[in-house]
Every structure is written in C-alpha cells, then in structure tokens.
Amino acid sequence: FGMPSALFPAFALHRLGGDAATVGYLYAAPYAGALAGSLVSGWTSHVRRQGLAVTFWACLWGAAIGGFGLTTSLWPALVMLAVAGGADFYSAVLRSVILLRATPDHLRGRLKGIEFMQVASAPSLGDLEAGVLASLTSLRFAVVSGGVLCIAGCVVTALALPGFLRYDASEPDA
C-alpha cells in the first residue's frame, strides 16, 4: 500500500505544478532507481542477515515514499521515488533469495506463484487505497500515510516474526 502511483497525475498537477511530462517522470523515477540499484547490486550476495536487510530496505522504501509525499518540487520528488525504487529492488532481491533458499524443493513452485500473485496484485490494491484515502482526506496525507504505514508494518512484522529478522543466510538450516 505504499506506492501511490494512481495519484501521480494529481500529484504532478496540484503539488508540483507540472504537466503530462511530469507525470511520465514520476512513473519512470522508481524504475530508474531500480535500474541504478541493479547496476551496483553485487554486494547483495554477501549479505548474511537477509531478513534484517529486507526489513531495512522496506523501511527505506516507506521513508522515501513519505518523503516524496512531502515534496513540492520535481527534482526532490524524483529523487525520493528513485530511492524508493532502489530500496524496493534490494528488498525484492533479498526476499527472493530467502524464499528460494529456505523453501523445500517440492513447495518452491507454489510459493513462487504466491509471491508472483502478491507482486502483481498489491500495487493495484495500493492504488485503490491511495485513491480512496486521497478523496477522503488529502493528496499529501494519502501519500505520506502510505509511507508511514509501510514502516509501521515492517515494525509489526519484525516483532511478530523475530525468526525472519534473525534469518542468517550463512546457517545451513536457514
């Protein structure tokens, strides 16, 4: 629920004073951040505490989305979205590694299917949530609250699943 892409046209017009090109830049920025992150992603193969790393990157995603919601000019907005895209990339890479490594062979296909379903459907649900919340409150509140709730969700998940937070890729039974 953190990514407010459905709100990009309204955000470009009302918060940034932009036009259709501005909307295009907003849509492209997270992918630019993910591309930049992928170009320097070699270090991820050395991460031992992958659960902690996923939590960190997911929190950074939320913070960047919240920061995006507070911006009033294009370049800071693009930087925040690019940071969010990079953080999402690293979180996704590490989540996939954990899933593939910790899942028994006979369940791997099913769990990858569930992960794919989540990755494909969650953004649409987030767009619905962001649009409804923006219509009930404000554009800024809808965006910033999504980032804050993402961080809160990470904290709740870390408290509820301490084994995930402690997941260590160097342990053979991990």
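**Figure 1. A salt bridge joins arginine 48 to aspartate 168, with their closest N and O atoms 2.6 Å apart.** In this predicted model, the pair connects distant parts of the chain, since arginine 48 belongs to the loop between α2 and α3 while aspartate 168 belongs to the segment after α7 (162-165), 120 residues apart. The two partners can be described by their accessibility as well: arginine 48 is partly exposed, at a relative accessible area of 47%, whereas aspartate 168 is buried, with a relative accessibility of 6%. Aspartate 168 counts as buried because its 6% falls under the 20% limit for that class.

**Figure 2. Arginine 108 and aspartate 105 form a salt bridge through their side chains, at 2.8 Å from N to O.** Both residues lie in helix α5, where they are three residues apart, or about one turn of the helix. Aspartate 105 is exposed, at 62% relative accessibility, and arginine 108 is partly exposed, with a relative accessible area of 27%. Side chains of opposite charge can pair when their charged atoms come close.

**Figure 3. Glutamate 115 and lysine 112 meet in a salt bridge whose closest N and O atoms are 2.7 Å apart.** About one helical turn separates glutamate 115 from lysine 112, because the two are three residues apart in helix α5. Glutamate 115 is buried, its relative accessible area being 17%, while lysine 112 is partly exposed, with a relative accessible area of 28%.

**Figure 4. Leu125, Leu128, Val132 and Leu136 make up a nonpolar patch on the surface.** Taken together, these four side chains present about 410 Å² of accessible area. Valine 132, one of the members of the patch, is found in helix α5, which runs over residues 105-136. Valine 132 is partly exposed, at a relative accessible area of 41%, and therefore passes the requirement of over 30% that applies to residues of a patch.

**Figure 5. The largest pocket holds about 1500 Å³ of space.** Its lining is made up of 41 residues, and those nearest the centre of the pocket are Trp61, Asp88, Arg95, Gln118 and Ala122. Several helices take part in this lining, with at least two residues supplied by each of α2 (20-39), α3 (50-70), α4 (74-102), α5 and α6 (139-160). The largest share comes from α5, which provides ten residues of the lining. Sorted by class, the lining of the largest pocket contains 27 nonpolar residues, eleven polar residues and three charged residues.

**Figure 6. Alanine 63 and alanine 84 are shown with their C-alpha atoms 8.1 Å apart.** Along the chain, these two alanines are separated by 21 residues. Alanine 63 is placed in helix α3, and with a relative accessibility of 39% this alanine is classed as partly exposed.

**Figure 7. Alanine 152 and cysteine 59 are 8.4 Å apart in space, from C-alpha to C-alpha.** In sequence, alanine 152 and cysteine 59 are 93 residues apart. Alanine 152 lies in helix α6, and its relative accessibility of 35% makes this residue partly exposed.

**Figure 8. Alanine 28 and glycine 85 have C-alpha atoms separated by 9.6 Å.** The two residues stand 57 residues apart along the chain. Helix α2 is the place of alanine 28, which counts as partly exposed at 38% relative accessibility.

Conventions. Residues numbered from 1 in each chain as written. Predicted model: local features only at pLDDT ≥ 70, side-chain atom pairs only at ≥ 80, totals over all residues. Heavy atoms only, no water. Patch = residues over 30% accessible without salt bridge, like charges linked within 9 Å, V, L, I, M, F, W, Y side chains within 5 Å. Areas by Shrake-Rupley, 256 points an atom, 1.4 Å probe, with all protein chains shown as cover. Helix = DSSP H or I, 4+ residues; strand = E, 2+ residues; numbered from the N terminus. Buried < 20%, exposed > 50% of the residue type's maximum accessible area, 1.4 Å probe, protein only. 1 Å grid on protein atoms, 1.4 Å probe; cavity = no way out; pocket = protein on both sides within 12 Å on 5 of 7 lines; lining within 4 Å. Points joined across faces, edges and corners; volume = space filled by probe spheres on them. Nonpolar A, V, L, I, M, F, W, Y, C, P; charged D, E, K, R; others polar.
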